[in-house]
Amino acid sequence: MPANEWRDSSGKISAATMIHLFNGFQNPFGGSDLETLELYRLLSADSEVRLWATSSRVSGELMRQFPIRRISLPKWNVPDGGTYVFLGAHWRNKIWPYLIPRPRRLIYVFNTFHPKVIALTTRMPRMLNWPDAELVLISDFQKRMLQVDGVVHPSPIDIERFLPQPAKPGRPFTLGRLSRDTPDKHHADDVPLYEALLAGGVALRIQGGMLLKDRLKPHSQLELLPQGRFAAEEFLPTLDVFYYRSGSHVETFGRVVFEAMACGLPVVCHSHGGYADHIRHGENGFLFETTQQAGQILADLQADPGLRATVGRKARRTVEQLFSLQALRRRLDFYLH
């Protein structure tokens with residue numbers, strides 16, 4: 001029996017030790033959805049964990065792949081006490097919290113920049129009688145931006161799924177990026193940058209780039225793929241360099257950046273994001289402010305395979321430290337005590 005779990009005389013696991021993870025589960029490629037599922041995988045080794053969908057638009061694909069439950073008061077399919085962990089989701093404007101057992105602990109994992117949501121979800125109505133909320137933030141960058149108190153836990157990633165692989169001989173220098181296929185994930189200034197790179201002989205692969213079809217002219221070395229066309233661990237090793245800059249969306253963490261680093265890729269990223277706290281410019285990755293700076297960095301990497309290899313090795317070492325077994329253990333213990 002796991003050390004943090006106990007059972008009653010009938011052999012059933014106590015509700016007091018149960019951990020309930022709440023998420024919208026709307027997008028199989030969403031950062032908070034993936035974070036919830038990885039936390040579920042990790043915590044399940046030590047505790048009984050249940051997944052709950054807070055959105056009526058829950059993904060059918062995720063429902064088929066994982067034991068996600070829908071909350072139903074008529075069927076009394078509801079959380080029954082223990083630790084309630086909300087990730088990218090909340091309880092407000094719902095009836096069920098007032099009718100179910102009180103949680104032993106209430107934890108909010110915030111992965112956005114919305115102070116209003118923090119205020120709404122941490123100020124408990126008196127009649128609810130839930131415990132005070134404990135906040136988990138996913139980067140020091142986010143904590144500085146929000147100016148709130150809370151523990152910082154990087155979004156968990158199974159880095160053994162993302163391993164460095166040798167480039168295929170004869171492949172042209174290939175630049176790429178991976179994201180959801182939404183306008184806020186793409187920066188307008190990247191279109192002319194991509195055109196210049198293609199003109200300079202760079203092969204370009206963008207997964208989650210279908211929105212760019214009408215903005216980029218067809219090119220023999222341009223590949224625009226829908227989101228989810230390949231699993232991240234399959235797509236990333238096809239690149240020589242990972243490039244990332246978003247539009248209106250600001251990354252509180254930037255999960256895909258760390259997945260690319262785990263694959264031993266040099267990453268070239270805009271400096272405004274949670275990932276920047278872990279990138280030492282010119283050592284384990286590159287940060288830029290302007291499009292001109294990005295273009296120069298990419299030109300240097302294209303011309304210097306040795307630089308790519310050296311930076312990629314240090315990128316891998318960075319994520320090995322960030323997601324070591326000891327570091328993961330410390331973060332998981334927070335939920336288990």
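Predicted model: local features only at pLDDT ≥ 70, side-chain atom pairs only at ≥ 80, totals over all residues.

Let me start with helix α1, residues 31-43, and helix α10, residues 325-336, which pack at an angle of about 85 degrees with their axes 11 Å apart. An angle from 65 to 115 degrees counts as roughly perpendicular, so α1 is roughly perpendicular to α10.

By class, the contact of α1 with α10 has seven nonpolar residues, with no polar and no charged ones.

I turn now to the second pair. The axes of helix α8, residues 291-303, and helix α9, residues 305-322, come within 5 Å and cross at roughly 105 degrees. With that angle, α8 is roughly perpendicular to α9. Here D300, L301, Q302 and A303 of α8 meet P305, L307 and R308 of α9. The contact of α8 with α9 is divided by class into four nonpolar residues, one polar and two charged.

Finally, I come to a pocket. Rolling a probe the size of a water molecule over the atoms shows where empty space is left. The second largest pocket has a volume of about 330 Å³. How many residues line the second largest pocket? Its lining is formed by 20 residues, and those nearest its centre are Q165, A167, D240, G264 and L265. In the lining of the second largest pocket, twelve residues are nonpolar, three are polar and five are charged.

Thank you for your attention.

Note on methods:
Residues numbered from 1 in each chain as written. Heavy atoms only, no water. 1 Å grid on protein atoms, 1.4 Å probe; cavity = no way out; pocket = protein on both sides within 12 Å on 5 of 7 lines; lining within 4 Å. Points joined across faces, edges and corners; volume = space filled by probe spheres on them. Nonpolar A, V, L, I, M, F, W, Y, C, P; charged D, E, K, R; others polar. Axes fitted to C-alpha atoms, helices over the stretch in contact; angles between N-to-C directions. Helix = DSSP H or I, 4+ residues; strand = E, 2+ residues; numbered from the N terminus. Parallel < 35°, antiparallel > 145°, perpendicular 65-115°, else oblique. Contact = heavy atoms within 4.5 Å.
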